[in-house]
Structures are given as C-alpha cells and as structure tokens.
Amino acid sequence: RSLRDSYYAGRSEPTDLPGSARYVLRIKPVIDRVVGTVLLILASPVALAVALIVRVTMGRPVVLVQERVGWRGKHFHLYKFRTMLPDRRRGGDGFAGEDRRVNHKSPADPRHTRIGRILRSTRLDELPQLWNVVKGDMSLVGPRPELPDIVRRYETWQHQRHLLKPGVTGLWQISNQNGKPMHECTALDIAYIREVGFTEDLRILALTPLAMLGRRRGS
C-alpha cells in the first residue's frame with residue numbers, strides 16, 4: 001500500500017521502535033494474547049447478551065466490521081457491536097455535526113440509537129475488539145485504530161502513531177479527549193509511544209474503568 005511504502009520505506013526493526021524494543025517485540029505480544037484470551041472468555045456472557053440486545057433492537061448486522069489502519073500502516077478488519085442506524089451511509093439524512101477530521105465523536109450524533117448511545121458510553125460496543133487482540137491485529141493498550149480515509153489526510157508527523165499496534169484502550173481514552181481536536185488526540189498517542197512500557201500499560205489498564213465510569217456519570 002502507498003501509505004506503508006511512503007512512510008515506512010527504509011525503516012528497520014526494531015531500531016525505529018520507541019521505548020523498550022524488547023518489551024514491545026517480545027513481552028507485550030505475549031501479554032496481549034494471554035490476557036486478551038482470558039478477558040474474551042470472561043466477557044463472553046456479557047458479549048452474548050449485548051449481541052442479543054443489538055439483534056432485537058437494531059436487527060442485522062450485529063457486529064460491524066470496519067477497515068482500520070494498524071501497525072506500520074497495515075490495514076486490518078476491526079470488530080465492534082453496531083450502535084448506529086442501518087444503512088446510515090446510504091440514507092438521505094446525513095449528520096451535519098462536527099467534521100470527522102476535527103472531532104472523533106459527537107454525543108449528539110442522531111444516527112446512534114438509544115441502545116447504541118449506552119453501548120458507546122460504557123464502551124461495551126468495543127468488546128469484539130478482544131478478538132482483534134487475540135488475532136494479533138491489536139494490543140490491549142496502544143494508539144486508537146483510525147479509518148483509512150482519515151489517515152490519508154495525515155501530516156507526516158502523525159504517522160508516528162503507527163509504530164505500535166493500535167489498542168483497545170490508550171492514553172487518549174483515559175484522558176477523556178473524545179471531544180478534543182484530532183491533532184491533540186494524535187499527540188497523546190505519540191506521547192504514549194515515547195513512554196511505552198509495562199508500567200505505563202498497567203497504569204492505563206487500571207485507569208480505563210475509572211475513565212469509563214466518569215464518562216458514564218457525565219453523559
């Protein structure tokens with residue numbers, strides 16, 4: 001792909017990896033696979049309940065499959081429970097809110113159903129991403145996975161965020177930055193990459209439930 005050819009050409013491994021290369025290349029993938037598998041098993045009853053609710057209230061498809069940009073610019077399929085009305089891209093009532101290139105999410109987006117808003121505010125819609133972690137497409141902690149159309153508009157410095165696998169959670173999630181300009185969120189991703197390590201990952205994982213509860217109370 002042109003993205004990989006243009007930005008990553010000539011970059012070697014692991015010399016272009018920030019932080020501890022040994023942790024990123026050897027330890028972090030093992031932790032992701034093992035912990036991701038355990039969490040997937042433990043969360044399966046909740047995931048099945050959510051799937052049933054989505055099927056009853058919104059119909060099919062229950063799981064949304066989106067193409068995202070991951071590690072070193074490689075594209076992969078991300079899984080999440082559907083939270084929006086069906087055929088929203090083909091409908092005539094588009095969302096006239098914030099530009100997706102400027103803001104990541106809008107709580108006022110009318111395309112979300114009532115159930116969908118609850119799933120997004122509690123982040124239960126992201127449970128299927130544990131399968132992405134087990135497959136090796138994603139990490140438990142890392143930069144957020146972005147849409148290809150957005151990445152094509154990146155400035156050169158923003159591609160640094162693809163030096164690590166994207167994460168289910170990350171620094172921008174616990175910083176409550178959903179309504180902030182996109183360049184500020186990207187800066188947080190790059191800040192995480194520069195400080196990546198076991199202690200930082202553990203801190204982010206520990207703070208993620210608190211951040212989720214905080215957003216839920218404020219919603």
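A pocket here is an open set of grid points with protein on both sides within 12 Å along at least five of seven lines, and its lining residues have an atom within 4 Å of a point. The model is predicted.

**Exercise 1. The second largest pocket**

Find which residues lie nearest the centre of the second largest pocket, and state how many line it.

*Solution.* 
- Step 1. Start with the space: the second largest pocket holds about 500 Å³.
- Step 2. Count the lining: 18 residues.
- Step 3. Pick out those nearest the centre: L39, L127, L130, V168 and M212.
- Step 4. Sort the lining by class. It has 13 nonpolar, three polar and two charged residues.
- Step 5. Trace the elements. At least two lining residues come from each of α2 (21-58), β4 (167-169) and α8 (198-218).
- Step 6. α2 gives the most, with five residues.

**Exercise 2. A hairpin**

Work out how β1 and β2 pair, and describe their turn.

*Solution.* 
- Step 1. Set the limits: β1 covers residues 63-69 and β2 covers residues 75-81.
- Step 2. The strands are antiparallel, with seven bridges.
- Step 3. Five residues separate the strands. In the turn, R72 has a positive phi of about 55 degrees.

Methods:
Residues are numbered from 1 along each chain as its sequence is written. This is a predicted model: local features need pLDDT of at least 70, side-chain atom pairs count only at pLDDT 80 or more; totals for chains, interfaces and linings use all residues. Side-chain values use heavy atoms; hydrogens and water are left out. On a 1 Å grid over the protein atoms alone, a cavity is a set of points where a 1.4 Å probe fits but cannot get out, and a pocket is an open set with protein on both sides within 12 Å along at least five of seven lines; lining residues have an atom within 4 Å of a point. Grid points are joined across faces, edges and corners, and a volume is the space filled by probe spheres set on the points. Helices (H or I, at least four residues) and strands (E, at least two) are DSSP runs, numbered from the N terminus. Ala, Val, Leu, Ile, Met, Phe, Trp, Tyr, Cys and Pro count as nonpolar, Asp, Glu, Lys and Arg as charged, and the others, Gly among them, as polar. Two strands pair if DSSP finds at least two bridges between them.
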